[in-house]
Amino acid sequence: MLIARYVCYLFAFVVFARGVKAQDVFAAQRKDWLQKAEQNKPVLNETVRKPTALVTLVRDSNAFQGWKTVPAKPLDSLYQQSFKKQSGVVLDFGDHLTGFYSFTLKARRGTPDGPLRFRFTFGEVPAEMATPFDPYPGSLSRAWLQDEVVTVMELPATVTIPRRLAFRYVKIDLLGSSPYFDFGFDGMEARATTAATKLPAALPANTDPIIREIDRVGQATLKECMQTVFEDGPKRDRRLWTGDLYLQSITNAYSFQNFALTRRCLYLLAGVSGENGYLNSNVFETPQPHAQVGAPFLFEYSLLYNAALKEYLAATGDRQTAMELWPVAKKQLENISRFLLPNGMFDYAAAAKAGWWLFVDWSNTLDKQASIQGLCIFALQETLALAALLGKQNDISAVPGLIGRMTAAARKTLYDKQRGVFVSGPEKQVSYASQAWMILSSVATNTEAQRAIKNLQALSSVVRPGGPYLYHYYIEAMLKCGMQQEARNELEKYWGGMVKKGADTFWEVYDPANDFLSPYNFYPVNSYCHAWSCTPVYFIRKYANVFQKD
Ligand code: RAM
């Protein structure tokens, strides 16, 4: 009797447990969303690119990361002479490219009697050609670094390196050859790919030259990241991240306008959302779209999806897509209430303790309380705007009240009236991040906002932005509160700083005071063509009256 009862309990438990597991919030829609993602996959535009010069790497303490290139011999000398004495040569393709590299070898003298072996090292910036990769101290896979050993068994041969590469420079070292025959290169090229085809309009002739340069490099950055998704970086991590998508898609709307690509990314992220309905921070495309198992939930990225969807709808008027994805956006908001304290503050410490990733910026010292509070309010406002465009306000009728409560709590807890800045955390830390998000969420009035930004310059222990991602929001905040000239100055100083240091594409990490900064403990593994750095194009074109006048 007793045993029968236990068996019964066990059965009930198994059914319950399976029932819980089987409860996939978007089970009914997933297949369709992934199909739509597939239908919107772009056919990549291909261009054949050839090297333009042979260059020499030169140490220069004034150059970015201490290395620059200077013209060496004419390109022909590579092809017209034996390669045996040219090992270590560096070729310049003239500009950043993303694609597949091929080379052709021919025998020059004697009979090829043994294999040849080379190391090709591809780099986005000169220092990647000059910095030894081993012993590798980095925290991400060593294999992201683009050095490839290739063995060629027979000549003549044309070989394509299977891995897609992102580079401007390639160094070729000879690792093995036979003394009984001579050989040389007979040609090389790269098949460059991008999903950006339509060219953005030219800027007016009287646009300041530095703005023009920033716009050109920004466009190149976005173009290179536009592959079969908006990648974060074509060298690394080569995948779609929600936070990067938001910035890329708003920039795309003001430049290349490949809206099918944005649509694809929105569907992809929805299609691989967790069974709980919450979005993953990033997606891999092959062999089947999938998320990274066990990756931490990146809270604010899931919320920024809503902003991306709203901006997509506003730019395209594509109601059908927005309607289909509306349930995803609505679902993400649930997480805000999960750690909401009765006083209206989001309990960021509890969320972090529960394993959520609160990113905001690459910074070890930043306190994220104010930023996350601001991000939540911003996302609520953006979702409300999306609902208004779709006539779905009734679906989220509690949101206006929640915005009010969280705003009031932020003002009470985070605003230091005396010092005229927003503070964050138990130490009442002052940072660029906190001011930016308090402004973007409209917690600050315009007067308070302007005062806070000005005070940042005067205060001594302020946590500065760690990279271009936060710089974007800082500039957007200044534009929002009426500091147009200051926003332009900061954009010119920061992104113009990269241009002056020779950037062909904008970088993932940039600290004007430290060229060697890396979140991954090894600067060559940083990405030097990075999604979240492309947004000057958005600023310059959206706020034409600020940036396009001389
Ligand atoms: C890195 C990438 C990516 C970013 C995440 C948070 O892996 O730089 O762009 O979104 O971090």
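Mentor: Start with serine 442, which is partly exposed because its relative accessible area is 37%; here buried means under 20% relative accessible area, exposed over 50%, and partly exposed in between, with a 1.4 Å probe and protein chains only. Serine 442 is not a glycine, yet its phi is positive, about 60°. It sits in the loop between helix 14 (432–440) and helix 15 (446–458). Helices (H or I, at least four residues) and strands (E, at least two) are DSSP runs, numbered from the N terminus.

This is a predicted model, in which local features need pLDDT of at least 70, side-chain atom pairs count only at pLDDT 80 or more, and totals for chains, interfaces and linings use all residues. Residues are numbered from 1 along each chain as its sequence is written, and side-chain values use heavy atoms, with hydrogens and water left out.

Valine 360 also has a positive phi, near 65°, in a residue other than glycine. Its loop runs between helix 11 (348–353) and helix 12 (369–390). Valine 360 is buried, at a relative accessible area of 1%.

Two peptide bonds are cis. One goes from leucine 155 to proline 156, with omega near -5°, and proline 156 belongs to the loop between strand 6 (147–152) and strand 7 (157–160). The other goes from arginine 236 to aspartate 237, with omega near 5°; aspartate 237 lies in the loop between helix 5 (209–225) and strand 10 (240–241).
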